Amino acid sequence: MIKKIKIFGLSLALSAAIYFFLFGQENFQKLNFQNDLQQNFIDNASFEEKKSKIDSIINLSNSNPAQVYFLANYLFDKSEYALASRTLEHFILNFPYDADAEVMALTAETKYLSNNKILL
């Protein structure tokens, strides 16, 4: 009976380790990404603090182009055009096969708006 319990416990621990190795790291990255966006780090921070935080978010999301693009759109919606432009440039350089006409148009728009131009 004790041998069966040990085997069951060992198989459970091994299964948990394999799950974390295959899926757990990505899930933790997604949770960290969501947490960063929910904290509204944009509202009360200096430009350098925002830039540093965005760089750390991008580094965590480096294998996920959807998160990087979402972050760029989030920054655009918060009127942080210079930061959105940097994020989109990172997206285009690191995920060239995912960059389509919409990404290019948003990049051009953020560059235009970051130079204090007004869209009509």
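Biologist: Is Glu89 buried, partly exposed or exposed?

Modeller: In this predicted model, Glu89 has a relative accessible area of 32% and is therefore partly exposed, as the value lies between the 20% and 50% cut-offs. Its side chain meets that of Lys111 in a salt bridge, at 2.2 Å from N to O. Because Glu89 lies in helix α4 and Lys111 in helix α5, the pair ties together parts that are 22 residues apart in sequence. Lys111 is likewise partly exposed, at 34%.

Biologist: How many salt bridges does a search of the whole structure find?

Modeller: The search finds three. In another of them, Arg86 pairs with Asp55, with the closest N and O atoms 3.3 Å apart. This pair links helix α4, which holds Arg86, to helix α2, which holds Asp55, across 31 residues. Arg86 is partly exposed at 34%, and Asp55 is partly exposed at 29%.

Biologist: Are Lys50 and Glu80 buried or exposed?

Modeller: Both are buried. Their side chains form a salt bridge of 2.8 Å, N to O. Lys50 belongs to helix α2 and Glu80 to the loop between α3 and α4, 30 residues apart.

Biologist: Which residues have the most contacts inside the largest nonpolar core?

Modeller: In soluble globular proteins, nonpolar side chains tend to be buried together. Here the largest core has 21 residues, and Leu71, Leu75 and Phe91 have the most contacts inside it. Helices α2, α3, α4 and α5 each give two or more residues, and α3 gives the most, with seven. The buried residues of α3 include Val68, Leu71, Ala72 and Leu75.

Note on methods
Residues numbered from 1 in each chain as written. Predicted model: local features only at pLDDT ≥ 70, side-chain atom pairs only at ≥ 80, totals over all residues. Heavy atoms only, no water. Buried < 20%, exposed > 50% of the residue type's maximum accessible area, 1.4 Å probe, protein only. Helix = DSSP H or I, 4+ residues; strand = E, 2+ residues; numbered from the N terminus. Core = buried A, V, L, I, M, F, W, Y, C linked by side-chain atoms within 4.5 Å. Salt bridge = Lys/Arg side-chain N within 4 Å of Asp/Glu carboxyl O.
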